[in-house]
Amino acid sequence: MQNSRAQLLTASNLRLDSRLPLELRALSFQILPAPPTSFGAPAFPPAQADGYALVSHGLTRVSASVFGPREAMRTGAFSGGVGGGAGGGGGGKGMDKATVNVEVGVAAWSERNTAAPGVRKGGKDRRTVELSASIKATFEPVLLLHLYPRSSIDVYIQVLEVDGALLQASINATSLALISAGLPLSDYVCALSLASYPSISPEAPPQKPPFELVSPGVAHSNDEETGNIGSGSTTILDLCQNEEQGLPNLTVAVLPRSEKVTLVNLESRVGIVRFEEMLRWGVEGAKVVQGAMEECVKSWAQSLAAPSKNLGALFPGMAGAKGNGDDDMEE
């Protein structure tokens, strides 16, 4: 195990893809009018989605489609839906608010899927059921479901490429898809994956993040200014596949404005000090993801408002009539 860890972080404190430990991969967030035409993906929904988003974290690409709120027509047909599980419609129970259903599918062309343990092309398996349950548990406290009684909100996740941090990308894609569908959320839901690499000694230089800390009270590991020696571990953000398989990892979903945590998914056992340090870095890193989300939402909103700005050029008669009316009022 020590040999595998030595390969994940070099002597110069760089990772396999030449990133710093606290550096995120390239982010790409897109809100599109409709999903592209599918090419044989078994769980991919029809193209008439109410909200659609495409998210990339490095080489991990995930799309999310949202349908609803609409009348609950399917029960038990979603991932984990058998017996009222993670994605089930719920029958007649809890009809005073909307139910959230989640379906996860893996694209047939996702070649990196073979390296992801527990994820199988097509059909349902342990990994997709767990992924559906985690997404459902993440967004149920954030969505204002009481506004839509006796209805369902269906979320379809399509895994296009897998190179680590699949839950992180799925949550971020779902958050943007829900926003594009016009569903009310109490806050952005930003997810980030982290790992703890036990390599730093108390005498080592302190960890400095490549992004500006929003909360000044959060102390980083081996902080020479405050005298905090931390946990003696290197916290790694935004994991790739090899890091996710070789290190104790954590996925956290954060509401950035209130700094509340709506999901904590810990894959292995870690010490309490290391866990607290990972959780603090997760809250800080999620605020960087929030900034990228806000830029995506602003760009999408501007594209929606662009046609109305060109209304006068498309209908010059309306512009002339408006001008005549203004002249009459002035007289």
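Q: Which backbone oxygen does the side chain of Asn 249 reach at 3.2 Å?
A: That is the backbone oxygen of Leu 247. The side chain of Asn 249 also reaches the backbone oxygen of Glu 244, at 3.0 Å. Please note that this is a predicted model, in which local features need pLDDT of at least 70, side-chain atom pairs count only at pLDDT 80 or more, and totals for chains, interfaces and linings use all residues. Residues are numbered from 1 along each chain as its sequence is written, and side-chain values use heavy atoms, leaving out hydrogens and water.

Q: Is Asn 249 buried or exposed?
A: Asn 249 is buried, because its relative accessibility is 6%; buried means under 20% relative accessible area, exposed over 50%, and partly exposed in between, with a 1.4 Å probe and protein chains only.

Q: Where is Asn 249 found?
A: Asn 249 is in strand β8, residues 249-255. Strands are DSSP runs of E with at least two residues, numbered from the N terminus.

Q: What is the strand order of the open sheet?
A: The order of its 4 strands is β7-β6-β8-β9, with antiparallel pairing. Two strands pair if DSSP finds at least two bridges between them.

Q: Which strands stand at the edges?
A: They are β7 (234-237) and β9 (260-266); each has a single partner strand, so one side of each lacks a neighbour in the sheet.

Q: New topic: how many disulfides does a search of the whole structure find?
A: The search finds 0 disulfides, a disulfide being a pair of cysteine sulfur atoms within 2.5 Å.

Terms used: A polar contact is a pair of N or O atoms within 3.5 Å; within protein, one must be able to donate a hydrogen and the other to accept it, and residues adjacent in sequence count only if both atoms are side-chain atoms.
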